[in-house]
Amino acid sequence: MNGQIKFILNGKDVVYAGSAAARLLDVLRDEYGLTGVKCGCKEGECGACAVLLNGQLVNSCMVAMGFVDGSIVLTIEGYKETARFAALDKAFAETAAVQCGYCIPGMVLAAEAVLAENPHPDEATIRSGLSGNLCRCTGYNAIVKAVQAAAEEGAGLW
Amino acid sequence: MVGGYIPFGMQEALEILAGGGCVPYAGGTDLMVKESAADTRYVFLHRIRDLKCITVDAEYFICGACCTYTELLRSRHTPAILKEAISQIAAPAIRNTATIGGNVANASPKADAALILMVTDALVRLQSKRGVRIVPIKELYLGRGVADILPDELISEFWVPLSRARLPYFYEKVGARKALAISRVSFAGIADVSGGRVNHVATAFGAVEDVIVRREEIDGMLTGLSVAEAQALKGEYLAAYDAAIKPIRGRVSAEYRKAVCGNLLGAFFDSHIK
Ligand SMILES: Cc1cc2nc3c(=O)[nH]c(=O)nc-3n(C[C@H](O)[C@H](O)[C@H](O)COP(=O)(O)OP(=O)(O)OC[C@H]3O[C@@H](n4cnc5c(N)ncnc54)[C@H](O)[C@@H]3O)c2cc1C
Ligand code: FES
Ligand code: FES
């Protein structure tokens, strides 16, 4: 029999004493107040709830807390502290890639996952890396341009 | 722990399952979509190393049930036909957690990785505290959403015969949307044609009937024939499938599904039986 669920959340050790069957999305928002993690569908379809789990992009609505035990979770709040975020933030602003902003936390983390795997991605690689993140406002072109710009201007960061 | 157990090894997991009342949790991408009961207890499988192997021996491609799609796409051992199907499943965030074992155990007729295991006549290794069973995948499916997996059993591995997995293949998924499409109709075919003879043909259709369609007796019509004889039999072969396939009604009409199946089968035949 095991005890509590321990993991690293945005660089800090945390112990979660609730149910192993609870949704990571709900726990991040309700227990830890990390409301940058958005809820769009709770069906794995939209990517608004995306976080990095051990460096890999996952939809937090599709993850139960037991799965998180022993892992490293990074949300947009933690990622915001990094130089890589600064590069993406600047690029998203300069290409006007943000409208309502609801999809953007997930989109930025998806962009991080793309660039971490391939620092010089072509357009098709970017589009496929972002394919699980839906944006109702922008039509994606500006977002793809922003990721390209971040890759160029943030050279060496990834 | 409320809500589940996180075993470190296979034996521990099988002990817990033998106690009853628990649901195996692999990647969670099917489980978390369903509304779970408040008292659900999961057995989380992600720590169990035995369920993560990817390798080949002289005869088989072997992969653990808890290999994620991302892991399978990265491995040099994974057969091309399986990679092709997996690369079209959902989007990266889903592929990073969803597992091949969950795809099979969920027993959906739309399951894309399971379709490839069906067309290649893979074997499924099931393990419980009581012992090991090895079952041809076709025998695992009892009905829509119903697999012959007992409550105390786990799928541990899939064994895919290399003699099948490395044959020239045809794979097509006719879906509603490009990313995230739960396929409407999917088709896989493999053919071993050499020295002017058809040595082996296998096909599988997904999202058409309650379980993935795999009809060895119809594909067997072509086995052992010369290419010319097989080509002369094309009409009969297509007609046999047309008579056999009984599409369920769904969002897309039964007639449409059947027509798509016929077109895919014809395209496979023309490109591979020659
Ligand atoms: C947005 C979205 C898009 C999707 N797109 C596709 C698609 O294009 N094609 C497709 O085929 N599927 C798709 N799926 C469905 C799903 O991702 C896959 O079926 C996946 O492979 C399930 O694996 P999992 O590890 O997440 O399963 P889980 O949810 O963990 O488990 C599924 C079932 O299998 C059981 N189980 C899991 N592992 C074992 C084991 N080792 N032994 C015994 N029982 C076990 C569980 O108890 C549960 O009943 C999609 C899902 C989502 C949310
Ligand atoms: S809220 Fe998780 S993918 Fe939409
Ligand atoms: S900016 Fe509004 S959903 Fe993307």
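The structure is a predicted model, in which local features need pLDDT of at least 70 and side-chain atom pairs count only at pLDDT 80 or more, while totals for chains, interfaces and linings use all residues. Residues are numbered from 1 along each chain as its sequence is written, chains are lettered from A and ligands numbered from 1 in the order in which they are written, and side-chain values use heavy atoms, with hydrogens and water left out.

In chain A, strand β1 covers residues 5-9; helices (H or I, at least four residues) and strands (E, at least two) are DSSP runs, numbered from the N terminus. Strand β1(A) is joined by 5 bridges to the antiparallel strand β2 (residues 12-16) of chain A, where two strands pair if DSSP finds at least two bridges between them. Within this pairing, Phe7(A) stands opposite Val14(A). The hairpin of β1(A) and β2(A) has 2 residues between the strands, and Asn10(A) takes a positive phi near 45° there. Strand β1(A) also pairs in the parallel sense with β5 (residues 72-74) of chain A, over 2 bridges, and Ile8(A) has Ile72(A) as its bridge partner.

A positive phi, of about 50°, is also found at Asn54(A), which is not a glycine. Asn54(A) lies in the loop between β3 (50-53) and β4 (56-59) of chain A and is partly exposed at 49% relative accessibility. In chain B, Ala90(B) has a positive phi near 45° and belongs to the loop between α3 (80-87) and α4 (92-95). Ala90(B) is buried, with a relative accessible area of 17%.

Helix α4 (residues 104-117) of chain A has 14 residues; at 1.5 Å a residue it should span 20 Å, and its end C-alpha atoms are 20 Å apart, which agrees. The expected span is 1.5 Å times one less than the number of residues. Of the 14 residues of α4(A), 11 are buried, so the helix is largely enclosed by the rest of the structure. Among them are Met107(A), Leu109(A), Glu112(A) and Leu115(A).

Chain B contains an open sheet of 5 strands in the order β4-β5-β10-β6-β7, with antiparallel pairing. Its edge strands, β4 (54-56) and β7 (131-136), each pair on one side only, and the twist averages 20° from one strand to the next. Helix α1 (residues 10-18) of chain B packs on the sheet, touching β6 (123-128) and β10 (154-161), and its direction makes about 125° with that of β10(B). Axes are lines fitted to C-alpha atoms, for helices over the stretch in contact, and angles run from 0 to 180 degrees between N-to-C directions; contact means heavy atoms within 4.5 Å. Strands β4(B) and β5(B) are joined by 3 bridges, and Val56(B) has Phe61(B) as its bridge partner.

Elsewhere in chain B, Ser186(B) is found in strand β12 (residues 185-194). Ser186(B) is buried, with a relative accessible area of 1%. Beyond its neighbours within four places in sequence, Ser186(B) is in contact with residues including Asp112(B), Tyr171(B) and Phe205(B).

Glu117(A) forms a salt bridge with Arg74(B), with the closest N and O atoms 2.8 Å apart.

Over all chains the structure holds 20 salt bridges. Arg133(B) is paired with Asp148(B) in a salt bridge, at 3.1 Å between the closest N and O atoms. This pair links distant parts of the chain, 15 residues apart. Asp121(B), Arg164(B), Arg214(B) and Asp219(B) are linked in a network of salt bridges.

Key:
Buried means under 20% relative accessible area, exposed over 50%, partly exposed in between (1.4 Å probe, protein chains only). A salt bridge is a side-chain nitrogen of Lys or Arg within 4 Å of a carboxyl oxygen of Asp or Glu.
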